[in-house]
Amino acid sequence: MQLNIHEKYMQRCLTLAAKGWGHVSPNPMVGCVIVHNGKLIGEGYHKKFGQEHAEINAIKSVKDKSLLKDSTLYVSLEPCAHHGKTPPCADAIIKHGIKRVVIGSVDPNPLVKGKGIAKLMRNGCNIVTGVLEEECMNLNKRFFTFYHKKRPYIILKWAMTKNGYIDKKREKQQKPLKITGKEADKLTHKWRSEEQAIMVGVNTVIMDNPMLTVRAVKGRSPIRIVVDRSLKTPSDSKIFNNFASVIVLNNKKSAKAGNVEYVKIKFKGDNLNNILNELYKHNIQSVIVEGGAVLLSSFINQGQWDETRVFVSNKKISKGIKAPAFSGKLVHKVKVGDDILNEYVRSKNR
């Protein structure tokens, strides 16, 4: 299908926006281009959290600023109209006399939602919205999930043997079963670098003593979240190192000590929603859940997940801990080293 002219330039916005992947959260990825008489004269994207937004970078890239008043600005997300870490982008558009603005999707953040568009229109801008809207929203699905569902975007991840086990039966001092190869391990670390937080249950910490940091690739380590109702996590656990922040969700205390925050929540009734509400309060927009089986199953059983990523190896064991049971739509299957990666999304009717 041939794209119309608005879709052509919005597609370029999306390509630019994606360059901010892993660098801008909790802000959304945004791309912007400026067109004058059918010629692209400027472009930019949001490069890093706290730095200038896409519209500002695109305006700055235009060599002859006198052309702006006769140009069309395309942007994948509604321009902001409030002061945050940077001044409002809507003000910059108005200041430079840009009268035509084409927007991919409306910003779901209540601080912005509709306000940027309204401000531009009050100042004489001709606005077009909804161009490649679905694609624009999908690019920032974590951001939109956070504001629409009032919870983080949840990715469940595990590795299992060919016959469906995620680990052998073992004692604390025994090492966990090594299921996947180095290629899958490297990809897992890449995924960690792309999400705001990583979550495990206390038994995973006790049995495996993981660091839950990014080491096999370059990238920032996520916030580490431990669901530890009774504060059983040993004080010398590797998860308490200084490589990244830690949140311990428990029903005993709320306190801070260095990079570790203890957050007291209710573990009666709907535990999972209590957990998700707390993460929402902490402005955490995405979480990759890596274990154990009980925690993963709680997300599955309550339908509180968005993606599931499962590595399947050629190994087999006779008995052990069974992988969680779930149903989802398989959207991607690929070989990663000697392992198979299956990626699922949750059915919309669940």
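1. Five strands, that is, 5 in the order 2-1-3-4-5, form an open sheet whose pairing is mixed. Strands here, like helices, are DSSP runs numbered from the N terminus (E, at least two residues, for strands; H or I, at least four residues, for helices), and two strands count as paired if DSSP finds at least two bridges between them. The edges of the sheet are strand 2 (39–45) and strand 5 (126–128), each of which pairs on one side only. From one strand to the next the twist averages 20°, with axes taken as lines fitted to C-alpha atoms and angles running from 0 to 180 degrees between N-to-C directions.

2. On provenance, this is a predicted model, in which local features need pLDDT of at least 70 and side-chain atom pairs count only at pLDDT 80 or more, while totals for chains, interfaces and linings use all residues. Residues are numbered from 1 along each chain as its sequence is written, and side-chain values use heavy atoms, with hydrogens and water left out.

3. Strand 1 and strand 2 run antiparallel and are joined by 6 bridges; C32 has G44, in strand 2, as its bridge partner.

4. Leaving aside residues up to four places away in sequence, I98 touches I59, L68, S71, L73, I93 and C125, where contact means heavy atoms within 4.5 Å.

5. In helix 9 (residues 271–281), the buried residues are L272, I275, L276, E278 and L279, buried meaning under 20% relative accessible area with a 1.4 Å probe and protein chains only. They lie on the same side of helix 9 because they cover an arc of only 160° around the axis, the arc being that of the directions from the helix axis to the C-beta atoms. Helix 9 is followed by N283, which has a positive phi, near 60°.

6. Counting pairs of cysteine sulfur atoms within 2.5 Å as disulfides gives 0 disulfides. The sulfur of C80 has its closest cysteine sulfur in C89, at 3.8 Å, too far for a bond. For C125 the closest cysteine sulfur is in C32, at 12 Å, also too far for a bond.

Terms used: Buried < 20%, exposed > 50% of the residue type's maximum accessible area, 1.4 Å probe, protein only.
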